[in-house]
Amino acid sequence: MTLTETRRYPPDNSVGLNPVGLKSIELVKRFRTFKRLKTVKSWLCLGLFVCQPAAAEDLVQYSTIGALLAGEYDGDMSVARLTRMGNFGLGAVNGLAGEMMALDGAFYVADAQGKTTRLEADSRMPFAIVTRWQPQQTRSVQNVKNSDYAALQQACAGLADNPNVPAALRIDGLFSELLLRSERPQQKPYAPLAQVMKTDEVRFRADDVRGTLIGFYTPGYLSGVSVPGYHFHFIAEDLRLGGHVLDAQLAQGNISVQLLTGFRVEFPDNSRFARLNLFEDHAQALRRVEGLEGLPE
Ligand SMILES: [Zn+2]
């Protein structure tokens with residue numbers, strides 16, 4: 001597999017804005033003519049504009065993965081509210097009626113057949129992770145005929161280069177193979193997620209499909225709150241297919257990463273959440289649900 005870096009944000013010369021600014025002010029004092037002063041001021045303005053680093057963004061999460069595993073499938077978070085917190089992300093919809101994907105500010109759900117439709121502004125979710133997408137680095141990936149999901153995750157790790165903070169990841173390209181899953185909608189009283197996945201998980205394969213993997217890397221120390229490691233959902237370029245990613249092979253595409261400088265969790269403000277037992281160790285159930293069972297820890 002060959003990785004070729006094509007872009008880098010912010011550019012390297014954006015580092016050290018303040019020292020450059022202070023030095024320039026010192027230089028300004030030495031100029032006596034108004035014309036020269038005006039010229040330097042113009043350069044200062046240009047420098048500030050060019051060097052402005054991208055705004056730092058937070059990972060914003062609604063509810064916890066522990067609550068979802070415990071069977072809390074009805075949330076109060078609407079698409080309209082979530083849109084104000086981010087334009088890129090993933091999650092589930094109420095009643096576990098499918099997997100959610102947010103791309104370029106539009107929110108979609110993939111049903112049990114993988115069929116994808118746009119969510120209405122008043123659609124609600126029990127669990128979601130979003131951010132404002134501002135890629136810091138992008139690499140084109142080629143010659144990946146033998147690239148499996150693990151290799152793809154390794155490429156993401158090399159690009160992010162900081163395992164101690166969360167990262168948003170976007171992979172656009174041609175996928176030679178995808179194994180996706182969604183689930184059939186649930187009726188109350190809800191069973192725990194691991195149990196639901198035994199009976200109502202639906203897996204589907206897709207070959208040679210163009211689209212986008214929308215994902216997050218979360219450090220392991222945040223497990224219980226979020227899904228540790230890599231978590232990807234897929235949406236096809238024609239917006240007709242989507243789902244939670246169990247396996248992926250990328251023929252050709254671009255991997256982009258955005259390191260996230262904060263992690264904000266909004267807890268559901270309702271009595272059901274208050275009554276959940278979130279103190280159990282969900283690690284085993286999570287590995288089963290996320291399709292990680294059988295893989296090394
Ligand atoms: Zn998922």
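Helices (H or I, at least four residues) and strands (E, at least two) are DSSP runs, numbered from the N terminus.

**Figure 1. Overview of the predicted chain.** In this predicted model, the secondary structure of the chain comes to eight helices and 15 strands. The chain has 297 residues, of which 36% count as buried. Among the contacts in the chain with a separation of 6 or more, 78% are between residues 24 or more positions apart. The mean pLDDT of the chain is 82, and 77% of the residues reach 70 or more.

Figure 2. The buried residues of H5 are Tyr 149, Leu 152, Ala 155, Cys 156, Leu 159 and Ala 160. Because these residues cover an arc of only 130° around the axis, they lie on the same side of H5. The face turned away from this buried side carries the exposed residues Ala 150 and Gly 158. After H5 comes Asp 161, whose phi is positive, near 60°.

Figure 3. Pro 166 counts as buried because 23 other C-beta atoms lie within 10 Å, where 20 or more are required. Leaving aside neighbours within four places in sequence, Pro 166 is in contact with Leu 59, Phe 216, Tyr 217, Thr 218, Pro 219, Leu 260 and Phe 263.

**Figure 4. Close-up of the largest nonpolar core around Leu 169.** The largest nonpolar core has 65 residues, and those with the most contacts inside it are Met 100, Met 101, Ala 128, Cys 156 and Leu 169. Strand S11 contributes the largest share of this core, namely seven residues. Leaving aside neighbours within four places in sequence, Leu 169 is in contact with Cys 156, Gly 215, Phe 216, Tyr 217, Ile 255 and Val 257. Of these partners of Leu 169, Cys 156 is also one of the buried residues of H5, while Phe 216 and Tyr 217 are also in contact with Pro 166.

Technical notes:
Residues numbered from 1 in each chain as written. Predicted model: local features only at pLDDT ≥ 70, side-chain atom pairs only at ≥ 80, totals over all residues. pLDDT = per-residue confidence, 0-100. Buried ≥ 20, exposed ≤ 12 C-beta atoms within 10 Å, placed from the backbone. Contact = placed C-beta atoms within 7 Å. Core = buried A, V, L, I, M, F, W, Y, C linked by C-beta atoms within 7 Å. Arc of directions from axis to C-beta.
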